[in-house]
Amino acid sequence: MSSDLIIGNGLVATLGEENRLIESGSVLVRDGRIEAVGKEEEIKALSPRAEYLDARGGLIMPGFINAHHHLYSTFAKGLSPHDPPPYSFVEILERMWWPLDQALGEEDIYYSGLVPLIDCVKKGATTIIDHHESQNYQLGSLDQLARAAREIGVRSSFCLGVSDRYGKGEEGIEENIRFIKGVQASPAGEREMVTGMFGLHAAFTVNDETLKRAVDAAGELGVGFHFHAAEAASDQEANLEKYGLRVLERLEKLGALGPKSLAIHCVHINEREMDILKATGTAAVHNPESNMNNAVGVAPILKMMERGVEVGLGTDAMTSNMLKEVQLANILQHLAEEDPRVAFCESCQILLENNPRIASRLFGVEVGVLKPGAAGDVIVVDYRPPTPINEDNFLGHFLFGVCESPVDTTVINGKVLLSKKELVGIDEPRIAARSRELAAEFLKRF
Ligand SMILES: [Zn+2]
């Protein structure tokens with residue numbers, strides 16, 4: 001019995017270095033990996049009895065990667081503190097996000113995970129790098145998210161944001177160590193689906209002693225950090241006042257930066273800090289929609305990229321839709337620079353080239369590309385080009401056409417999770433109903 005899967009009858013965009021467009025193309029997935037990519041007839045001949053998914057002339061491409069997500073934010077839907085609404089970024093944290101994460105218990109975390117993971121499937125986001133917070137339920141919290149990720153089938157990295165804001169930094173360190181050790185002891189195939197990083201909330205809520213302990217622990221485990229950096233000006237002010245150092249200067253001094261680490265946001269960094277990112281090989285992750293929503297400013301991604309800093313793209317839980325996020329990345333820079341010529345290539349690059357590189361390092365399998373040996377993460381987007389398309393103008397079609405088109409099919413690790421826009425084997429109404437029940441109880445504690 002063949003367990004092969006062919007996604008065919010579409011326009012294949014391989015992305016990656018080859019970056020080929022194949023008309024009447026097909027992709028063969030075997031045992032969770034891409035086996036072959038090519039013309040329909042050639043691929044069919046390789047595996048005549050394979051299960052066949054018909055793209056019906058749509059665009060077949062690699063699934064998207066979200067380099068910064070917060071699954072735990074689910075219960076924020078419909079929740080907004082009033083009287084008066086929070087004004088500053090710190091107020092948004094203190095009155096919205098911190099009370100929210102404090103009120104989460106075990107089952108809340110699990111369902112908070114399931115709901116946006118389903119959304120990832122619907123939006124073609126096949127890999128996420130998540131950052132978790134639940135101050136009153138830290139130990140074991142990452143297992144609940146990992147359980148949700150395995151159940152839905154989205155490739156996921158988890159970490160817990162260590163913070164001293166309520167004196168629970170040590171416990172946070174313990175949870176990261178416990179989870180990462182569990183991941184490292186799991187079989188390679190499982191590690192490619194669920195992995196871990198070492199989380200820190202942000203420099204302004206982690207004291208030096210905790211940071212040093214976390215750096216030692218992450219070093220022993222051989223993992224990188226995932227932390228918010230200079231999201232608002234207040235992060236810089238707090239670090240300068242308390243430690244006499246800017247955010248990335250302090251994190252560098254204490255050893256938290258490096259090629260395995262992700263510095264999220266980097267809105268308020270100066271040129272010296274950009275040089276620190278470049279010198280340490282630390283990637284920065286841009287989250288334009290969140291930055292706009294919180295009115296914290298515009299991250300200098302063009303300056304960072306000019307300097308050779310690797311910049312990725314995340315959503316900071318504003319959405320699971322990377323097609324929306326990449327459009328916002330482009331137009332935000334147009335507005336900020338007052339120049340419609342900038343950022344077109346860079347916006348596409350952070351999603352389609354840099355995110356795959358970041359995630360491939362983390363998961364130990366190549367993602368974000370259709371080529372033999374890469375992960376079997378394939379989507380079909382309902383896009384049928386209305387004008388001629390080729391390798392040279394693909395990004396124009398992508399940003400202004402593909403981004404406006406619905407995802408039709410999502411395959412992760414060779415498993416079909418969405419077909420003809422219908423979820424496969426996922427009971428969304430039941431999960432949403434249980435989430436509402438839990439959220440009603442959660443609201444009483446919030
Ligand atoms: Zn975030």
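The expected span of a helix is taken as 1.5 Å times one less than its number of residues, where helices (H or I, at least four residues) and strands (E, at least two) are DSSP runs numbered from the N terminus. The structure is a predicted model, in which local features need pLDDT of at least 70, side-chain atom pairs count only at pLDDT 80 or more, and totals for chains, interfaces and linings use all residues. Residues are numbered from 1 along each chain as its sequence is written.

Leu211, Ala214 and Ala218 of helix 7 are buried (20 or more other C-beta atoms within 10 Å of a residue's own; exposed means 12 or fewer, partly exposed in between, with C-beta atoms placed from the backbone). These three lie on the same side of helix 7 because they cover an arc of only 65 degrees around the axis, the arc being that of the directions from the helix axis to the C-beta atoms. On the other side, Glu209, Asp216, Gly219 and Glu220 are exposed. The cover over the buried residues includes helix 5 (169–185), strand 10 (198–202) and strand 11 (225–229). Just after helix 7 comes Gly222, with a positive phi of about 75 degrees.

Asn9, in strand 1 (residues 5–13), has a phi of about 60 degrees and is partly exposed, with 18 other C-beta atoms within 10 Å. Ala295, in the loop between helix 11 (288–293) and helix 12 (301–306), has a positive phi near 55 degrees; Ala295 is exposed, with 11 other C-beta atoms within 10 Å.

Notes:
Contact = placed C-beta atoms within 7 Å.
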